[in-house]
Amino acid sequence: MNRKYLYPLLIIIVTIGFYYFEENVDSFTSVSKEKTEDSKSYSFFFLPTSTTGSIVVHDHYSLSYSEKHEQAEWVAYELKREHLSTNDYKRPYFEKDDKVRTSSADWRNYKKSGYDRGHLCPAGDRKFSYNAFEETFMTSNVTPQDHEFNSGIWNSLEQKVRYWAKKYDGVYVVTGGVLSNDLKSIGYEAVSVPKYFYKIVFDNSSTNPKMVAFLMPHKDSNKRLKEFVVSVDKIEDITGIDFFPKLEDKIETKLEASSSTQGWKF
């Protein structure tokens, strides 16, 4: 082809390419944003009430922070089937949570305390990306846990939740320590050590939603997980938290009153 015609043709092709990109970039961004907002809308819909008025929303989990106890009274997140991953990331350092208005506890409170920095939203549930994994290492997401409990029965429950997320195509999880006035504390900021921990799992993937809740004494145990099942109502009574305030009343009442394990594969 004669150079006289080649250069104008290239200019026309490049111009058309830029025009196509500019016309479609907004729609690409819109679709991506829509998917993100859909996921966040789901999480917002199921957020529990806060007794402290200090709700913090991160990219991959939300929490209600208790300054009095220097930890979250609850952490809530969705665990989808596609979130499950075996990525082996290097463990990052624990950092304060800048989104907590009063600042979350310093990790040094745990040093030589005899307690683990126990994750509430487990790092193992957020291995689908490094950013999601790293986000779980904020001190607002940890609580003092006895090592045998953390690596024993509590770890077994976390693994069971992953099993359910895979089997039921995703679950919604709310977890935390039971925070009361009679707790011992560790560190110079007096981080409370819960006597009990709870975890609530909600499967809303079918036409017949189901819910199961666990209340565990803060000590290792050889008991079966089923032996720790209680109603959500019981956990609400001892924490003062309304866990699913936006569910339709009829469904909420039925699910939260039950301590049945029917439908849950143990």
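Leaving aside neighbours within four places in sequence, Leu 255 is in contact with Phe 202, Pro 209, Lys 210 and Met 211, where contact means heavy atoms within 4.5 Å. The structure is a predicted model, in which local features need pLDDT of at least 70 and side-chain atom pairs count only at pLDDT 80 or more, whereas totals for chains, interfaces and linings use all residues. Residues are numbered from 1 along each chain as its sequence is written, and side-chain values use heavy atoms, with hydrogens and water left out. Leu 255 is found in helix α6 and is buried, with a relative accessible area of 11%; buried here means under 20% relative accessible area, exposed over 50%, and partly exposed in between, computed with a 1.4 Å probe on protein chains only. Between Leu 255 and Ser 231, which are 24 residues apart in sequence, the C-alpha to C-alpha distance is 8.3 Å.

The protein has six helices and eleven strands, these elements being DSSP runs numbered from the N terminus (helices, H or I, of at least four residues; strands, E, of at least two). Of the 266 residues of the protein, 43% count as buried. Among contacts with a separation of 6 or more, 68% are accounted for by residues 24 or more positions apart.

Seven strands form an open sheet in the order β1-β2-β3-β6-β9-β10-β11, with antiparallel pairing; two strands are taken to pair if DSSP finds at least two bridges between them. Strands β1 (55–57) and β11 stand at the edges with a single partner strand each, so that one side of each is left without a neighbour in the sheet. Strand β2 (residues 62–66) pairs with β3 in the antiparallel sense over five bridges, and Ser 66 has Gln 71 in β3 as its bridge partner. In the hairpin of these two strands, β2 and β3, four residues lie between the strands, and Glu 70 takes a positive phi near 55 degrees. Nine of the nine residues of β3 are buried, so this strand is largely enclosed by the rest of the structure. The pairing of β3 with β6 is likewise antiparallel and runs over five bridges, with Val 75 standing opposite Thr 175 in β6. Strands β6 and β9 pair in the antiparallel sense over six bridges, and here Thr 175 stands opposite Lys 199 in β9.

Helix α5 packs on the sheet, touching β9, β10 and β11, and its direction makes about 50 degrees with that of β10; the axes are lines fitted to C-alpha atoms, for helices over the stretch in contact, and angles run from 0 to 180 degrees between N-to-C directions. The buried residues of α5 (residues 232–239) are Val 232, Ile 235, Glu 236 and Thr 239. They cover an arc of only 100 degrees around the axis, which puts them on the same side of α5, the arc being that of the directions from the helix axis to the C-beta atoms. The cover over these buried residues includes β9 (196–203), β10 (210–217), β11 (229–230) and α6 (249–257). Just after α5, Gly 240 takes a positive phi of about 80 degrees.

Side chains of opposite charge can pair when their charged atoms come close. With a salt bridge defined as a side-chain nitrogen of Lys or Arg within 4 Å of a carboxyl oxygen of Asp or Glu, the count comes to six salt bridges. In one of them the side chains of Arg 81 and Asp 169 meet at 3.9 Å, N to O. This pair links distant parts of the chain, 88 residues apart, with Arg 81 in the loop between β3 (71–79) and β4 (116–119) and Asp 169 in the loop between α4 (153–167) and β6 (171–177). Arg 81 is partly exposed, at a relative accessible area of 38%, and Asp 169 also counts as partly exposed, at 46%. A salt bridge at 2.6 Å, N to O, joins the side chains of Arg 162 and Asp 125. Because Arg 162 lies in helix α4 and Asp 125 in the loop between β4 and α2 (130–135), the pair ties together parts that are 37 residues apart in sequence. Asp 125 counts as buried, at 1% relative accessibility.
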